[in-house]
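Here is a short briefing for a first look. Please view the sequence and the model side by side.

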Amino acid sequence: MEDVAARNKQIALEVWGNDLASHKAHPDTPGFREHFDKYYTQDYWNHASEPGKDRGFENAYMVRKAFLELFTDPNFVIDKVAADGDLVFLEGRFSAKHTGLTLYGIPATGVEVSQQQVHILRFRDFKISEHFVVRDDYEMYRQMVPVEQDGGILRQVDTEKYDNERQAAHTETAATE
């Protein structure tokens, strides 16, 4: 009997490793529906999409269409993959050229963009039933609109004010000892 986690991992790599680069079916063609029916459950749910909107087939259709209209030469290079039962974890770098539509409120820039992403896929009967994603959209935004600001948690912290407050507290503690 085939190991479920290994088979799910194989399917995830087939879909995500080739989907952006070689799966050319446009959402308006029967090939797109065939691809979806082959790899996704009928009740597929994309947790990464906007709440209150369809997150199933219509969502997959709209996401794929948006990618085709937003980006030229999209690619997802998978660096790490792990599987545990019905879950598959993919970590890698998405890259493309922003050549169409508005992204983060910014019209097409023609700029090469990339970002690290972690995708978590839940499988049922060897089809993707749920999708979760972790990514830092600010990383891509900064590539489209250069910002003189550090990324990560420190971009939200006034470090000078923090240092001054810490120094004042240290001085006050030393004076009372």
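Predicted model: local features only at pLDDT ≥ 70, side-chain atom pairs only at ≥ 80, totals over all residues.

Residues are numbered from 1 along each chain as its sequence is written, and side-chain values use heavy atoms, without hydrogens and water.

**Core**
- The largest nonpolar core has 27 residues. Such a core is a set of buried Ala, Val, Leu, Ile, Met, Phe, Trp, Tyr and Cys residues joined through side-chain atoms within 4.5 Å.
- F71 and I128 touch the most other members.
- Elements giving two or more residues to this core include α1 (4-22), α3 (57-70) and β1 (40-46). Helices (H or I, at least four residues) and strands (E, at least two) are DSSP runs, numbered from the N terminus.
- Beyond four places in sequence, I128 touches residues including V15, W16, Y44 and L121. Contact means heavy atoms within 4.5 Å.

**T41**
- T41 is found in strand β1.
- T41 counts as buried because its relative accessibility is 7%. Buried means under 20% relative accessible area, exposed over 50% and partly exposed in between (1.4 Å probe, protein chains only).
- Its side chain makes a polar contact with the side chain of D43, at 2.9 Å. A polar contact is a pair of N or O atoms within 3.5 Å; within protein, one must be able to donate a hydrogen and the other to accept it, and residues adjacent in sequence count only if both atoms are side-chain atoms.
- Among the residues T41 touches, not counting those up to four places away in sequence, are F36 and I128.

**Aromatic pairs**
- The structure holds 9 aromatic pairs. Rings of Phe, Tyr and Trp (its six-membered ring) pair if their centres lie within 6.5 Å; planes under 30 degrees apart count as stacked, over 60 as edge-to-face and the rest as tilted.
- F36 and Y44 pair edge-to-face, 5.8 Å centre to centre with 85° between the planes. Both residues are buried.
- Y104 and Y141 also pair edge-to-face, at 6.5 Å and 75°. This pair links the loop between β3 and β4 to helix α4, 37 residues apart.
- Ring pairs link F36, Y40 and Y44 into a cluster.

**Helix α4**
- Y138, M140 and M144 are buried in α4 (residues 137-144).
- They lie on the same side of α4 because they cover an arc of only 160° around the axis, taken from the directions from the helix axis to the C-beta atoms.
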